[in-house]
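Here are my notes for you to read beside the model. Keep the viewer open and click through as you go.

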Amino acid sequence: MEQLETTGSNNPVIDAIVSRSSTKKFSDEIVTRSDLETMLAAAVRAPDHGMLAPWRFIVLQGQSRAVLGSAMRSALQLRMPDADAEALERESSKAWRSPVLIVIVAEPKVHPKVPEVEQLVAVGAAIQNLWLAAHSMGYGAAWKTGSHAYDASVKTALGLRASDQIIGFVHIGRPTSKAPVRPGEFATKTTWL
Ligand SMILES: Cc1cc2nc3c(=O)[nH]c(=O)nc-3n(C[C@H](O)[C@H](O)[C@H](O)COP(=O)(O)O)c2cc1C
């Protein structure tokens, strides 16, 4: 398994956070059900105001990736009727870039104390938990949205309701190429009072 970069912090959580970066290319190696369940269990430990569990996960692997691939292809065709065969093929191939793709959805509920924005950020926190868990297990991930995340026909193809919101298409697999780790810059973003 890939070793996490260390920061000298002697803290595996900090090391995982600061060594994470987006995966650009994935191998075909399958991700086991047990490893996926470990990642999902980490995801749902995200902070969650009101304990509304506003998330839903649709795991696409193997042939089921075609559900999203063909939905993205049809969505492009609807949006751009002049799109050529190559553009349509490129669109559907996005679903096949990794052995597993998890569509991570927010199902915001009407609640007197928990506005929708808090439920959406809870789902974002769940994605980060899932990603860090995957990373610590030697997997890579990539978080994508793009126009398909907001496309009604894509949501319908995935069995979602109009009120559901796709927060990310999260690719998971063994990485063969990763983005460089970005330097973190907090000093100019922080006010100390
Ligand atoms: C809500 C959200 C949506 C994103 N959508 C995309 C996307 O559509 N395409 C993409 O390449 N990256 C997307 N990203 C990933 C970021 O671009 C990526 O994390 C960023 O480039 C920083 O790189 P790093 O993950 O290697 O630090 C998204 C990230 C977030 C939080």
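**Notes on the fold**

1. Start in the middle: the largest nonpolar core has 35 residues, and those with the most contacts inside it are Ile104 and Leu130. A nonpolar core here means a set of buried Ala, Val, Leu, Ile, Met, Phe, Trp, Tyr and Cys residues joined through C-beta atoms within 7 Å. "Buried" means 20 or more other C-beta atoms within 10 Å of a residue's own, "exposed" means 12 or fewer, and "partly exposed" is in between, with C-beta atoms placed from the backbone.

2. Before going further, two notes on the source. This is a predicted model, where local features need pLDDT of at least 70, side-chain atom pairs count only at pLDDT 80 or more, and totals for chains, interfaces and linings use all residues. Residues are numbered from 1 along each chain as its sequence is written.

3. Helix 5 gives the most, with eight residues. Helices (H or I, at least four residues) and strands (E, at least two) are DSSP runs, numbered from the N terminus. As for Leu130, leaving out residues up to four places away in sequence, its contacts are Met39, Leu40, Ala42, Ala43 and Val170; a contact means two C-beta atoms, placed from the backbone, within 7 Å.

4. Four strands form an open sheet in the order 2-3-5-4, with antiparallel pairing. Strand 2 (55-61) and strand 4 (140-144) are the edge strands, each pairing on one side only. From one strand to the next, the twist averages 20 degrees. Two strands count as paired if DSSP finds at least two bridges between them.

5. Strand 2 pairs with strand 3 (residues 100-106) in the antiparallel sense over seven bridges.

6. Is strand 3 buried or exposed? Seven of its seven residues are buried, so strand 3 is largely enclosed by the rest of the structure. Val100, Ile102, Ile104 and Ala106 point one way, Leu101, Val103 and Val105 point the other way, and all are buried. In a regular strand the side chains alternate between the two faces of the sheet. Strand 5 is mostly covered too, with nine of its nine residues buried.

7. What lies across the strands? Helix 3 (residues 65-79) lies across strand 2 and strand 3, at about 100 degrees to strand 2. Helix 5 (residues 116-136) lies across strand 2, strand 3, strand 4 and strand 5 (165-173), and runs at about 0 degrees to strand 5. The axes are lines fitted to C-alpha atoms, for helices over the stretch in contact, and angles run from 0 to 180 degrees between N-to-C directions.

8. Met51 counts as exposed because it has 9 C-beta neighbours inside 10 Å. Ala53, with 15 other C-beta atoms within 10 Å, is partly exposed.

9. Last stop: Thr176, in strand 6 (residues 175-178). Why is Thr176 partly exposed? Because it has 13 C-beta neighbours inside 10 Å. Setting aside neighbours within four places in sequence, Thr176 is in contact with Lys25, Phe26 and Ser27. Thr176 and Asp28 are 148 residues apart in sequence and 9.8 Å apart in space, C-alpha to C-alpha.
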